[in-house]
There are 2 protein chains.
Amino acid sequence: MPAKGTIRKNTLLPVAVKPTGERDPDISSLLIVLDHFHPIGREAIRFIKQHIIACTVRKKKFILKTGTFCHYIYFIKKGAVRGFIKEGNKDITTWITVENEMVTSISSLDIQLPSIENMQAIEDCELLALSYTDLQELYLRSPEINIVVRKLLQSYYGDAEKRAFIARLTKADHRYQYFQEKHAGLINRVPLKYIASFLGMTLETLSRVRKKASQH
Amino acid sequence: MPAKGTIRKNTLLPVAVKPTGERDPDISSLLIVLDHFHPIGREAIRFIKQHIIACTVRKKKFILKTGTFCHYIYFIKKGAVRGFIKEGNKDITTWITVENEMVTSISSLDIQLPSIENMQAIEDCELLALSYTDLQELYLRSPEINIVVRKLLQSYYGDAEKRAFIARLTKADHRYQYFQEKHAGLINRVPLKYIASFLGMTLETLSRVRKKASQH
DNA sequence: GAGTCATGTTGATAATTATCAAATAATTCT
DNA sequence: AGAATTATTTGATAATTATCAACATGACTC
């Protein structure tokens, strides 16, 4: 147990996000994804390798809570994460993200604002975390990272638009049908309660919609 | 009338988007907005002045249609624009944007993909259009533009997230209340049918929700 | 391996919202 | 100004979905 006054490393990581302590974590999947958006230089790769922190989070644990600050951008190496906001006594799941994608609180990226949303692991996860401080440094050292992130944001903006669209479909069965088409991989993986919440309907309604869809 | 074979300038602009022909349009409002995200160099400003096209669009005319390609990024100097997708015989309005903001089809920005959404003027508008070709050139000449656009996208991504959230509120009156808080300026400006569509409810439901809200 | 907890299904009923129809009000056009 | 659109409101009814309750199922714990 650390003595009083001991400084914990990576102190800005939420308690549920546990650094593995690996010195040289495997970041190949991250590099493949980034490179797909825009080529990255050796210098940037070296910097990322040096500063990225491999972590694990257990299922159901929080990666970010409403009202707190997000200090990291995370790459999901393995597992699944959801974002949600509390509305009264129920959750509104705004996104569900799986391996090989990035998650963070956009509102925290440049100007540090407290997050309005929660981020929760919905499976045991392996994450790679890069602090915003290191990211800012990286922008300065390797300006091509601005291009990478610009393209990444373009892509994520498109995803957010799709989420905004699907939620505006007025009928529950249309929303589920659209979800089936666009997120086939999630259907037999993510608990239905999260999918129901993502689709703006109750678990019961989703259950009935699914039954009807399977019968026909 | 142009003779057969005459080449129309700015030929990629949709027909409803009419260049004014101004040689030196006032782009001060655009520069203020860009600068608010990140300082821009003199060279970039000169380039923008030289290549930007001042245009007008009449109310109800289309700036982009589903399935076509978007070749420009537009800054709204004056007026209001909405984005919407056809779903069966009804529109789903996914965003409403007014002066001093940018609009484009994000999916077209780098890789040219046909747009899934329509963009329509909901008031007579004055626009400033920069072609993607010129924007690509600008990225190369003035790399700080990558930073500007990155920050701009961060901000717009945050907006898209909010739109995805509001649409998931299960009750119509909650959605309207939230809209009132966040988009007060639009309520006495934009026709209710677009607001209803944006809020994922019928015009009649919105009318009743408004009545109830005003009574209490 | 029994018990507990989380997940998912089904049914009955109530609340919400969409649809259809008609009437007003406001705006645009000529 | 008057006609023609367009926008908004209101009412009656039908369709959809939420809520509450009970039950089934599977996973995880001790």
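How many residues does the contact take from chain A and from chain B? The contact (heavy atoms within 4.5 Å) takes 35 residues from chain A and 36 residues from chain B.

## Ground rules

This is a predicted model, where local features need pLDDT of at least 70 and side-chain atom pairs count only at pLDDT 80 or more, while totals for chains, interfaces and linings use all residues. Residues are numbered from 1 along each chain as its sequence is written, chains are lettered from A in the order in which they are written, and side-chain values use heavy atoms, with hydrogens and water left out.

## How the copies sit

## What they bury

About 3300 Å² is buried between chain A and chain B, and carbon and sulfur atoms give 61% of that (accessible area, 1.4 Å probe, that two parts lose on being put together, summed over both). R150(A), Y157(A) and R168(A) supply 24% of the area that chain A buries against chain B, more than any other three residues.

## Charged links

Between chain A and chain B there are two salt bridges (a side-chain nitrogen of Lys or Arg within 4 Å of a carboxyl oxygen of Asp or Glu). E161(A) forms one with R163(B), the closest N and O atoms being 2.5 Å apart.
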